[in-house]
Amino acid sequence: MEKIVIVGGNRLVGDVNISGAKNAAVAIIPAAILAQDICRIENIPNISDVNMMIRILHQMGAEVKMINKNTYEIDTRNIVSHIIPNELTKHLRASYYLIGALLGRFHKACVAMPGGCDFGVRPIDQHIKGFELLGASVSIEENAMVDVTAERLTGCPVYLDVVSVGATANIMLAAVKAKGLTVIEQAAKELHIVDLANFLNLMGADVRGAGTDVIKIRGVEKLHGCTYSIIPDQIEAGTFMVAAAATGGDVLIKNVIPKHLESITAKLVECGVVVEDGDDCVRVVAKGRLTRCNLKTMPHPGFPTDMQPQMTVLLAGADGTSIISEGVWDNRFRYVEQLARMGASIKVDGKIAVVEGVEQLKGAPIKAGDLRAGAAMVIAGLCAKGTTEIENIDHIDRGYEDVVEKFAALGADIKRVNTPEPESMAEVG
Ligand code: EPZ
């Protein structure tokens with residue numbers, strides 16, 4: 001068991017390089033199944049969610065060659081099975097993309113219900129609706145395996161009832177080799193939807209409109225291999241921006257697309273932070289106490305829900321009262337009780353949090369409840385007076401490459417330490 005130990009109070013100063021986008025990588029890697037060829041994918045973040053997805057493809061029979069820690073060549077010609085056992089997929093939300101990709105290639109898929117962060121109910125009814133409209137029959141078996149089969153897939157209109165990133169991408173995957181035209185209405189516009197569409201198109205697909213709320217997919221007979229580089233991670237970049245701001249720092253955040261960060265930049269500026277855009281970098285400078293702001297998370301191009309916990313930490317130490325409304329998930333404020341242990345004053349009522357800024361957070365032993373909450377705990381530890389010990393850091397490793405090394409290089413007093421397993425566990429082995 002490992003934990004992260006932080007002695008707070010250091011301003012973050014220096015440069016940091018942002019890795020490739022997790023949520024693009026976990027869609028693009030399974031999309032390679034559709035190629036039946038070799039794809040070289042660059043700028044893959046070295047994080048546990050992605051490594052799990054690569055392991056799953058390998059176990060399915062794909063040949064996976066690591067060129068360097070962020071580049072892989074994936075040859076999906078020899079994949080034969082459309083069944084993926086539960087123990088591989090249960091911790092990974094993005095395992096649902098395997099359903100769309102296998103359905104597109106083999107017209108059948110049998111994949112366990114996806115796992116991932118727990119923010120209340122996370123249904124996949126819109127994914128299923130899309131598969132059924134394309135001509136598949138879907139059943140969820142007693143052992144929670146999702147079984148999907150289709151004699152043929154035929155393009156069709158799909159009107160999503162909610163804006164869903166996963167359903168939009170999954171329907172794209174299932175439809176690229178279907179016969180005829182599929183039109184997804186009320187599609188998600190997230191950056192990784194566009195990245196996935198670009199990857200599919202480079203493999204020979206015909207996907208238009210990604211990044212708008214209507215995506216048109218004209219089915220093609222065959223796809224082929226390609227070389228592709230994944231976009232920088234908006235959320236990792238945003239996390240470092242907020243950490244720089246909350247510690248009163250001066251950080252150059254490199255290998256980003258500044259346009260992708262506009263919603264985050266706008267909120268930081270509202271709080272009194274200076275953000276300067278370069279061609280492929282942003283500089284974040286903060287001096288003195290930051291001020292309050294209100295925030296509502298929304299699908300892209302709104303403020304990303306995956307940045308909500310990190311901003312809550314910043315506002316917990318800002319001057320004044322901020323109101324944060326969560327517009328995507330039903331239950332994404334569970335981490336607030338950990339911040340309360342550090343002296344934060346936050347009241348949650350359903351999907352709204354009222355944050356009264358306090359002068360200073362205090363170090364405490366806390367837990368990372370999920371990936372972005374874990375990132376928020378790191379920022380809280382960096383700002384706090386004294387020592388913060390964060391447990392359950394495997395959540396953080398799911399989505400942040402070299403998180404401790406990157407913060408340490410910016411001057412944070414942060415380290416990863418091994419904690420002895422409780423005796424009873426050690427005995428069990
Ligand atoms: C993706 O999850 C991301 N995960 C999440 O990031 C992110 O929080 C979320 O999109 C919203 O931006 C990946 O890309 C792997 P949704 P996803 O389908 O696809 C409802 C992170 O930290 N809904 O867009 O699962 C759902 O309940 C992770 O990196 C249905 O009702 O999210 C939610 O309220 C955490 N039926 C809303 O839509 C469905 O069939 C948005 O969910 C699907 C979703």
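**Chat notes: helix packing and strand pairing**

Me: What's the geometry between helix 1 and helix 7, in distance and crossing angle?
Reply: This is a predicted model. In it, the axes of helix 1 (residues 22–31) and helix 7 (residues 191–202) come within 9 Å, and they cross at roughly 25 degrees.

Me: Why quote both an angle and a distance for packed helices?
Reply: Because a packed helix pair is described by both things, the angle between the axes and the distance between them.

Me: Roughly parallel or roughly perpendicular, then, for helix 1 and helix 7?
Reply: Helix 1 and helix 7 count as roughly parallel to each other, because the cut-off for that label is an angle under 35 degrees.

Me: And is the crossing of helix 1 and helix 7 left-handed or right-handed?
Reply: Right-handed for helix 1 and helix 7.

Me: Which residues make the contact?
Reply: On the helix 1 side you have Asn-23, Ala-24, Ala-27, Ile-28 and Ala-31. Helix 7 brings His-192, Asp-195, Leu-196, Phe-199 and Leu-200.

Me: How does the contact of helix 1 with helix 7 split by class?
Reply: There are 7 nonpolar residues in it, plus 2 polar and 1 charged.

Me: Is helix 1 mostly covered or mostly open?
Reply: Mostly covered, with 9 of its 10 residues buried. The buried ones in helix 1 are Lys-22, Ala-24, Ala-25, Val-26, Ala-27, Ile-28, Ile-29, Pro-30 and Ala-31.

Me: OK, switching to strands. What does strand 1 pair with through 6 bridges?
Reply: Strand 1 (residues 2–7) is joined by 6 bridges to strand 24 (residues 413–418), and the two run antiparallel. Val-5 has Lys-415 as its bridge partner in strand 24.

Me: How many bridges join strand 1 to strand 23?
Reply: 4 bridges, and strand 1 and strand 23 (residues 387–391) run antiparallel. There, Val-7 is partnered with Thr-387.

Me: What about strand 5, how many of its residues are buried?
Reply: Strand 5 (residues 71–75) has 4 of its 5 residues buried, making it mostly covered.

Me: How many bridges does strand 5 share with strand 3, and which way do they run?
Reply: 4 bridges link strand 3 (residues 38–42) and strand 5, in an antiparallel arrangement. Ile-41 finds its bridge partner in Tyr-72 of strand 5.

Me: And with strand 4?
Reply: Strand 4 (residues 63–68) is antiparallel to strand 5, with 5 bridges between them. Asn-68 is bridged to Thr-71, and a hairpin of 2 residues takes strand 4 into strand 5.

Me: In what order do the strands of the 4-strand open sheet come?
Reply: The order is 18-19-21-20, and the pairing is mixed. Strand 18 (295–296) and strand 20 (345–349) are the edges, each pairing on one side only.

Me: Last one: where is Pro-157, and is it buried or exposed?
Reply: Pro-157 is in strand 10 (residues 157–159). Pro-157 has a relative accessible area of 65%, so it counts as exposed, the cut-off being over 50%.

Me: What does Pro-157 touch, leaving aside neighbours within four places in sequence?
Reply: Pro-157 is in contact with Leu-133 and Val-183.

Me: And how far is Pro-157 from Val-80?
Reply: 30 Å in space, C-alpha to C-alpha, and 77 residues along the sequence.

Definitions and conventions:
Residues are numbered from 1 along each chain as its sequence is written. This is a predicted model: local features need pLDDT of at least 70, side-chain atom pairs count only at pLDDT 80 or more; totals for chains, interfaces and linings use all residues. Side-chain values use heavy atoms; hydrogens and water are left out. Axes are lines fitted to C-alpha atoms, for helices over the stretch in contact, and angles run from 0 to 180 degrees between N-to-C directions. Angles under 35 degrees count as roughly parallel, over 145 as roughly antiparallel, 65 to 115 as roughly perpendicular and the rest as oblique. A crossing is left-handed if the near helix is turned anticlockwise from the far one by less than a right angle, and right-handed if clockwise. Contact means heavy atoms within 4.5 Å. Ala, Val, Leu, Ile, Met, Phe, Trp, Tyr, Cys and Pro count as nonpolar, Asp, Glu, Lys and Arg as charged, and the others, Gly among them, as polar. Two strands pair if DSSP finds at least two bridges between them. Buried means under 20% relative accessible area, exposed over 50%, partly exposed in between (1.4 Å probe, protein chains only).
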